[in-house]
Amino acid sequence: MEQRVSLVTLGVADLDRSRAFYSGVGWSPTQDLGEVVFYQAGGLVVALWSRAELAVDTAVSDSGGWGGITLAHNVRSPDEVDAVLAEAERAGGQVRRPGAPTEWGGYSGVFTDPDGHAWEVAHNPGWTITDDGATLLSVQA
């Protein structure tokens with residue numbers, strides 16, 4: 001298996017509400033099939049689909065709680081962290097942890113979308129964000 005992720009599907013309770021939220025933070029669907037919405041997000045695809053249908057398709061029991069996954073959106077500066085958190089809140093998300101300096105020398109905060117999917121917004125001064133939005137790790141020798 002190649003070391004990459006191709007698609008992240010977020011199970012949602014109300015597709016229209018989630019579509020409106022992601023539109024509110026500036027995302028535009030690449031393909032909207034009515035029952036599933038796809039967004040090109042750099043080198044991977046993010047999809048919104050019914051949480052119940054996703055559970056059936058994945059052959060898991062949905063306990064309704066947090067799934068143990070946090071998505072991350074890395075940005076170029078601490079000010080951009082705060083701006084993205086404010087944008088998410090205006091769009092109907094909930095800021096769970098406001099932007100603040102981190103123990104690892106960066107700056108980050110967390111919001112959740114209307115379905116409780118957690119997004120960390122982070123500035124890591126040791127990583128590079130390219131002009132096309134790719135996040136590149138800096139490897140320490």
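Which residues of the largest nonpolar core touch the most other members? Select Leu10, Phe21, Tyr22, Leu48, Val81, Phe111 and Val121, out of 20 core residues. A nonpolar core here is a set of buried Ala, Val, Leu, Ile, Met, Phe, Trp, Tyr and Cys residues joined through side-chain atoms within 4.5 Å. Buried means under 20% relative accessible area, exposed over 50%, and partly exposed in between (1.4 Å probe, protein chains only).

The model is predicted: local features need pLDDT of at least 70, side-chain atom pairs count only at pLDDT 80 or more, and totals for chains, interfaces and linings use all residues. Residues are numbered from 1 along each chain as its sequence is written, and side-chain values use heavy atoms, with hydrogens and water left out.

**Stop 1**

H3 gives the most, with 4 residues. Helices (H or I, at least four residues) and strands (E, at least two) are DSSP runs, numbered from the N terminus. In soluble globular proteins, nonpolar side chains tend to be buried together.

Now pick Tyr22. Beyond its neighbours within four places in sequence, Tyr22 is in contact with Leu10, Trp27, Tyr39, Leu48, Asp113 and Trp119. Contact means heavy atoms within 4.5 Å.

**Stop 2: Ala47**

Move to strand E4 and select Ala47. Its relative accessible area is 1%, so Ala47 is buried. Leaving aside neighbours within four places in sequence, Ala47 is in contact with Leu7, Val8, Thr9, Leu10, Val36, Val37 and Phe38. Draw a distance from Ala47 to Gly11: the C-alpha atoms are separated by 8.5 Å, with the residues 36 apart along the chain.

**Stop 3: the ends of H2**

Show helix H2 (51-58). At its start, a side-chain oxygen of Ser50 reaches to within 3.3 Å of the backbone nitrogen of Ala52. After H2 comes Ala59, whose phi is positive, near 60 degrees.

**Stop 4: the largest pocket**

The largest pocket holds about 880 Å³ of space. On a 1 Å grid over the protein atoms alone, a cavity is a set of points where a 1.4 Å probe fits but cannot get out, and a pocket is an open set with protein on both sides within 12 Å along at least five of seven lines; lining residues have an atom within 4 Å of a point. Grid points are joined across faces, edges and corners, and a volume is the space filled by probe spheres set on the points.

Select Ala41, Leu44, Ala72, His73 and Thr135, the closest to the centre among 26 lining residues. Strand E5 (70-74) gives the most to this lining, with 5 residues. By class, the lining has 13 nonpolar, 10 polar and 3 charged residues. Ala, Val, Leu, Ile, Met, Phe, Trp, Tyr, Cys and Pro count as nonpolar, Asp, Glu, Lys and Arg as charged, and the others, Gly among them, as polar.

**Stop 5: the second largest pocket**

This pocket has a volume of about 570 Å³. Of its 24 lining residues, Arg51, Leu54, Gly67, Ile69 and His117 lie nearest the centre. E1 gives the most to the lining, with 5 residues.

**Stop 6: Thr102**

Finish in the loop between strand E6 (94-101) and E7, at Thr102. The side chain of Thr102 reaches the backbone nitrogen of Gly106 at 2.8 Å.

Methods:
Polar contact = N/O pair within 3.5 Å; in protein donor to acceptor, adjacent residues only side chain to side chain.
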